[in-house]
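Thanks for making time this morning.

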Amino acid sequence: MTTIERIADTRAGTGEGPLWHPEENALYWVDIPAGLLYRYDPETGENTVAYETDDGSPLGGFTIEEDGSLLLFEHGLVCRWKPQSTEAEPIIRVDADTRFNDVIADPEGRVFCGTMPGENDLGDLYRVDPDGSVRIVIEDVDIPNGMGFSSDLETFYFTESEANRIDTFDYDRDTGEISNRQPFVETPTDDGVPDGLTVDEDGFVWSARWNGNRIVRYDSDGTAVAEIELPARKVSSITFGEPAYTDCYVTTALDGGTRASEGDGAGALFRVRFPEIDAAGVAEFRSRIGLE
């Protein structure tokens with residue numbers, strides 16, 4: 001039977017980007033507009049602020065580096081942060097007009113990172129390579145969002161939220177190039193917006209549904225095969241954690257609203273267990289930016 005547990009009642013403006021850190025047996029996640037990095041310890045049940053940006057600027061996402069440090073994607077700035085430290089080391093500046101929104105490391109340590117649309121332009125998807133070089137790989141994206149890789153590492157999943165689509169690309173692991181964009185899932189405009197994403201060990205795609213109150217599991221053909229509702233309208237992202245990656249962690253958002261309008265759990269972090277689905281995740285890839 002599915003169980004949904006509210007484990008951190010933070011009332012985050014935009015809770016996002018959860019990642020399980022296996023060396024620490026802890027979950028990190030962000031509240032983007034507040035510039036906060038949270039750390040949840042399932043052994044103690046404590047959720048703490050692990051890091052906050054110096055000026056309160058947004059923190060769009062992060063990856064876990066090969067050495068266990070975290071790579072933080074602030075507004076136009078990529079920083080390396082070591083757990084338990086109070087400061088982050090700036091390592092790359094990105095010529096972007098808007099904040100980052102969702103990031104993911106690939107199998108070779110590169111990072112794909114999106115930027116939000118601005119007043120006059122749409123967002124872009126960048127790729128940061130281990131040598132620190134940065135390039136735009138997709139231009140004019142109406143909110144770049146959840147990303148993932150198929151089990152055979154030949155397909156890259158990419159969410160364009162305001163287009164109500166999850167697309168696939170052919171992915172070249174050797175070069176990091178993506179090509180041949182094809183539609184994977186198109187959601188009705190009145191049924192919530194696809195947001196954060198992860199791929200489980202069996203190759204099923206899990207997508208959070210902003211303004212849709214739920215997470216959805218899709219098979220390799222893009223057919224919805226399971227849905228789990230949460231007590232929050234804006235369900236923003238999803239990952240798997242714990243040593244066996246059998247627990248699912250889900251972030252949500254208040255986004256300037258109230259719980260009267262956005263749901264009793266809006267802005268909270270949830271842990272979801274669904275033994276009847278028999279699904280488990282896999283460890284996310286590690287970035288290697290500037291470590292080579």
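Let me begin with the rule for ring pairs: rings of Phe, Tyr and Trp (its six-membered ring) pair if their centres lie within 6.5 Å, and planes under 30 degrees apart count as stacked, over 60 as edge-to-face and the rest as tilted. By that rule, the count is 20 aromatic pairs. Please keep in mind that this is a predicted model, in which local features need pLDDT of at least 70 and side-chain atom pairs count only at pLDDT 80 or more, while totals for chains, interfaces and linings use all residues. Residues are numbered from 1 along each chain as its sequence is written, and side-chain values use heavy atoms, with hydrogens and water left out.

Take tyrosine 51 and tryptophan 81, whose ring centres are 5.9 Å apart with the planes at 50°, so the pair is tilted. Because tyrosine 51 lies in strand β5 (residues 46–52) and tryptophan 81 in strand β8 (residues 77–81), the pair ties together parts that are 30 residues apart in sequence; strands here are DSSP runs (E, at least two residues), numbered from the N terminus. Tyrosine 51 counts as buried at 5% relative accessibility, where buried means under 20% relative accessible area (1.4 Å probe, protein chains only), and tryptophan 81 is also buried, at 1%.

Another tilted pair is formed by phenylalanine 112 and phenylalanine 149, at 6.5 Å centre to centre and 55° between the planes. Since phenylalanine 112 lies in strand β11 (residues 111–115) and phenylalanine 149 in strand β14 (residues 144–149), this pair ties together parts 37 residues apart in sequence. Ring pairs link Phe112 and Phe149 into a cluster with Phe156, Phe158, Phe169, Tyr171 and Phe285.

Now to the pockets, where a pocket is, on a 1 Å grid over the protein atoms alone, an open set of points where a 1.4 Å probe fits, with protein on both sides within 12 Å along at least five of seven lines, and lining residues have an atom within 4 Å of a point. Which residues lie nearest the centre of the largest pocket? They are Leu19, Ile104, Met147, Thr198 and Glu284, out of 38 residues that line the largest pocket. Among the elements that give two or more residues to this lining are β10 (100–105), β14 and β18 (193–199), while β2 gives the most, with five residues.

Technical notes:
Helix = DSSP H or I, 4+ residues; strand = E, 2+ residues; numbered from the N terminus. Buried < 20%, exposed > 50% of the residue type's maximum accessible area, 1.4 Å probe, protein only.
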